[in-house]
Amino acid sequence: MLYREAGQFKTSYAADQAIFTIPQDRAAFWILLALGFIAIPLVASEYVLLTIMIPFLVFALAAIGLNILTGYAGQLSLGTGGFMAVGAFTAYKLTTALPGLDIVFVFLLSGLVAAAVGIVFGLPSLRIKGFYLAVATLAAQFFLIWLFNKLPWFSNYSPSGVIGAPPRAALGLVTVTGAEASPVAKYLFTLAFVAILALAAKNLVRGRFGRSWMAIRDMDIAAEIIGIRPLNAKLSAFAVSSFYVGIAGALWAFIYTGGVEALAFDIDRSFQILFMIIIGGLGSILGSFLGAAFITLLPILLDRGGEALGLPVPVNVLTNLEDMIFGGLIILFLIAEPRGLARLWQIGKEKLRLWPFPH
Amino acid sequence: MELLHALVIDPIGAIADNPEFLLEVVIGGLLTGVMYSLVALGFVLIYKASGIFNFAQGVMVLFAALCFVGQLQLGMPLVMALLSTVAIMIALAFVIERVVLRPLVNQEPIILFMATIGITFFLTGLGQLVWGGDVKTLDIGLPKDPLIIGGVLVNEFDLTAAAVAGLLVAGLALFFQKTSIGRALRAVADDHQAALSVGIPLKTIWVIVWSVAGIVGLVAGIMWGTNLGVQFSLALVALKALPVLILGGFTSIPGAIVGGLIVGAGEKVAEVFWGPAFGGAIEDWFAYVLALVFLLFRPQGLFGERIIERV
Amino acid sequence: MTFIKSAICALAGATALCGGFAAAAWAQNEQFIPRLVYRTGPYAPNGIPFADGYADYLDMLNARDGGVDGVKLVYEECEDGYNNDKGVECYERLKGKGPTGAALVDPLSTGITYALIERATADKVPIVSMGYGRADASYGPVFPYVFTYPVTYWEGADAIITYIAQQEGGVAKLKGKKIGLIYHDSAYGKEPIATLEKLAQLDGFTFEKFPVSPPGIDQKATWLQIRQKRPNWMLMWGWGVMNSTAIKEAAAVGYPMDHFIGIWWSGAEPDVAPAGKAGIGYKAAVFHGTGTDFGVIRDIKHYLYDKGQGKTKVDKIGEVLYVRGVINALYDMEALHTAHKKFGNKPLTGEQVRWGLENLDLTAARITELGAEGLIAPMKISCENHGGHGLVRMQQWDGAHWKYASDWIEPHHDLLDPMYKASALAYAKEKNITPRDCSKTQS
């Protein structure tokens, strides 16, 4: 009832090709944006903004990046952490070498550098496939972290190898990095970056590139026969994916933590982001957000929930119980819908078409 | 020029000056590789029979070791603790098959992979909940003294580990080749549907495979636990098994052993002789680069099954 | 703005969004202490005894004296698993609790300390990184809210070299010696390198680095290298499973244990116990005593364990990390006590506690009063110096207990203080911080 397409006609190609073809979807999208840009900054506390929303958004961006590579182009990657580190350390080097360069451009340039690195480590994908391809990205992961950890040049010869974000303003308007930046400014800056890049990704995967990636994913030999060059498709997927992941890394270091060492981007980080896209849904931009929410927010909710219950148990017992519940929930969700939360959402929408009159 | 020196002349010079040291490094590396193989074997068993990359293998190693050492500390005799831990691992296999694998039958490998991550979290919590997070010393009387054989230093413990790994592989090979269950396992590995159609019960096979992987995990847990003390870090040895798996091929038991030997020896030689040129701690990524080079020539791993693609 | 916020909160009833699930009512005469702990995960064997010691000291104060100067202490533990992201979340969650907010925070992780320095400074919550974290934060003018007392890694490295010189028979004998460092290849492990390189230059010994990538479960290659290069002395900056593995491997290659010296985070029972007999003779630097033969430990036993309370088993209360937890709490509470003298005996804000920390003066007389004679060395904090200029001593493992292997050693502050200052000023420049003028911040 509420969500019905009957009677909606598309009268132009533009309308036919819109991202959200149904007015209800469009409305929901704008409401979400309004929530994100207006309501949350007004209502949310500093704790929510700094420790829940910002890491969630950064993870969502990284998950979109990995989803482009693994979900759309079918190339398994366990090097996400390494590419995030490239973004973070490039941004640091750029902004300390050129303090006048606006932080927005610094982040975009860091993304480009990460893309270039991604292409290099994507080259073996032309020959190695499936789980075995993981070796190339794992090599990238371990090598890059080692490199940033080992060469003091990357951290401007800081004795501990930790990079710290200097205070910088976005578009010359408002300070978004460093200790002085307000939580709201940090949050809005991150949200703007993520929203624009997510929209770009949505359009990219619907276009020529996205189609060639999906063709390669579904069957690369067949794709080659219908005239898609695996070289272009695979390497472009690596480049675009690393661009997103690199920017996520820069945001992580500059906006979220303010100071990181290379080990913050170790293999655990790569796995964490891989979990997000599998749980959220492979090959779905929405799924990247849902997966990031599941993996980052659920443990915190469980933790706060356990705390709110006020059980007289020690924290270690609570943490272990939370781990068990979290693991159980992952399995439960997979059994309920193996294709991820995004698919669950889709099924929900189909049900809504008829609801509340299913016959 | 200086780089050339550091990369070529110095290491080669060091090797030429002291070939016994090279031998010692290689032997040390091979023996470490065996320890990696012990962990990798568990992965191979499950991948071979069900096509699942079992992320939980590392935690199963930890869980088995925790149960074993925990019961020992409660005062149980060694053999009893061993048997009861084996029983626990078999029970675990039953539960996993019933709760996780059966509802997810016929799903894509990546989904099953994710399900094993759920198992990982669950076992991490359960193991620490029951047995606590502190480090437990495990000493079941394995010899550990250094030995000098022909001027080369080896550790008795490493030799024991190699012997255990050898026995384990021989046992598994016999099990796979000579028993009817083993034949059924191989049939399932070749083709699920064909195996089902000739009346092989898939569910039983899965329980058996996960049980065997659990027991292999227990052996790995005892060996690594003797070395490190039983604590959470045992779960991290799985990371060291990854390059071994990729190099040896996910489906081959001899591959896990040979892969372990190559990775172990390769990374130690690289670290000792070439590490100084790069500032050290290169062995982690070197293992993957080594595996990568092999894979560029053989994309299915050293002993993996040939990938045949049809459109 | 606040009105809009509360209005929307009330309307939406979105307590989750409005900061905290349970807005508990706080008793007015309570001081809140946030506790970042790790009782699970790979570093739990080291995290558990420390957290137990800290908690037991606070419980003992509440039982014995009704808190500090009559202000009751409440604390809440938050499990961070030694994970930086989780540590930040824990800090943000706990910083606003209690009637006056968090008094101070002890991250017990160099990584979490780095992640919190900016946040806590902006929030005016002092960070006490006791013997860990950023060594150059000892320079108070740049880091007003960070305290590194009683000693830093740089002072630890310097004291160990002094000890080695004593053993060799004078600094002059160090010339031509080879000293190696095996370290956790992270921000933590890299801290002493600059100091050791400088000392190598001054004293004329050769310095060799042996990095171990975390977690450090396999060190065969590293120890084969050490065996071949045969350094006269080995130093270790390790943590967690890396420590016991290193001790075991050192024994396996036949390295003499009494020439192998760890920093304080590599010298506790969980580090040597898994190595068994191999660990006998291994040494470690500490900045405090160990054992149960101190007034304060006896009080903990009397007021808690004899009544069936206490966080751990009674036979664990003399362990190195447990005692270190007690000492951390003791220093922190002494800062509260100092601040009470200026601000009155009531719950304090982080800013007031910071004043107490900066004016902390632990004299020998006061230490005896606290029942910690022989447990800790006297020290004094000032605006210039947040490191306290504490003392270091060596201990040695005899297979069952840690025994002292040296007297208190004074690090070379004349050498290190300018190094802190230079490094801190470089940080200040990068972050656009104007250092405080200490001559103007008189108490």
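The structure is a predicted model, in which local features need pLDDT of at least 70 and side-chain atom pairs count only at pLDDT 80 or more, while totals for chains, interfaces and linings use all residues. Residues are numbered from 1 along each chain as its sequence is written, and chains are lettered from A and ligands numbered from 1 in the order in which they are written.

The secondary structure of chain A consists of 14 helices and four strands, where helices (H or I, at least four residues) and strands (E, at least two) are DSSP runs numbered from the N terminus. Chain A is as compact as a globular protein of its length, because its radius of gyration of 21 Å is close to the 21 Å that the globule rule gives for 359 residues; the radius is taken over C-alpha atoms, and the rule is 2.2 Å times the number of residues to the power 0.38. Along the principal axes, the C-alpha atoms of chain A fill a box of roughly 70 × 60 × 45 Å. Of the 359 residues in chain A, 53% are buried, a residue being buried if 20 or more other C-beta atoms lie within 10 Å of its own, exposed if 12 or fewer, and partly exposed in between, with C-beta atoms placed from the backbone. Among the contacts in chain A with a separation of 6 or more, 75% are between residues 24 or more positions apart, and two residues are in contact if their C-beta atoms, placed from the backbone, lie within 7 Å.

Chain A touches both of the other chains discussed here. Towards chain B, 37 residues of chain A are in contact with 40 residues of chain B. The elements giving two or more residues to this side of chain A are α6 (134–150), α9 (220–225), α11 (267–280) and α13 (315–336), and α13(A) gives the most, with 13 residues. The residues on this side divide into 29 nonpolar, four polar and four charged, where Ala, Val, Leu, Ile, Met, Phe, Trp, Tyr, Cys and Pro count as nonpolar, Asp, Glu, Lys and Arg as charged, and the others, Gly among them, as polar. Towards chain C, 33 residues of chain A are in contact with 41 residues of chain C. Here α2 (23–43), α3 (46–72), α12 (285–309) and α13 of chain A each supply at least two residues, and the largest share, five residues, comes from α3(A). By class, the side of chain A that touches chain C has 17 nonpolar, 14 polar and two charged residues.

A nonpolar core is a set of buried Ala, Val, Leu, Ile, Met, Phe, Trp, Tyr and Cys residues joined through C-beta atoms within 7 Å. The largest such core has 377 residues, of which L61(A), V135(A), Y244(A), L251(A), V61(B) and V209(B) touch the most other members. The element that gives the most to this core is α3(A), with 19 residues. Domain 1 (26–151 + 291–380 + 420–431) and domain 2 (153–286 + 394–411) of chain C both give residues to the core, so it lies between them; the domain bounds come from an automatic or database domain assignment. When neighbours within four places in sequence are left aside, Y244(A) is in contact with L61(A), I64(A), G65(A), I68(A), L197(A) and A201(A).

In chain C, strand β5 (residues 178–184) is largely enclosed by the rest of the structure, because six of its seven residues are buried. Strands β5(C) and β6(C) pair in the parallel sense over seven bridges, with K178(C) opposite T206(C), and five bridges join β5(C) to the parallel strand β7 (residues 233–237) of chain C, where I182(C) stands opposite M236(C). In chain B, four bridges join the antiparallel strands β1 (residues 146–149) and β2 (residues 152–155), which form a hairpin with two residues between them.

Most residues other than glycine have a negative phi, and most peptide bonds are trans. In chain C, a cis peptide bond joins Y149(C) and P150(C), with omega about -5 degrees, and another cis peptide bond joins P214(C) and P215(C), with omega about 0 degrees. L108(C), which is not a glycine, has a positive phi near 50 degrees, and with 29 C-beta neighbours inside 10 Å it counts as buried.

Conventions:
Two strands pair if DSSP finds at least two bridges between them.
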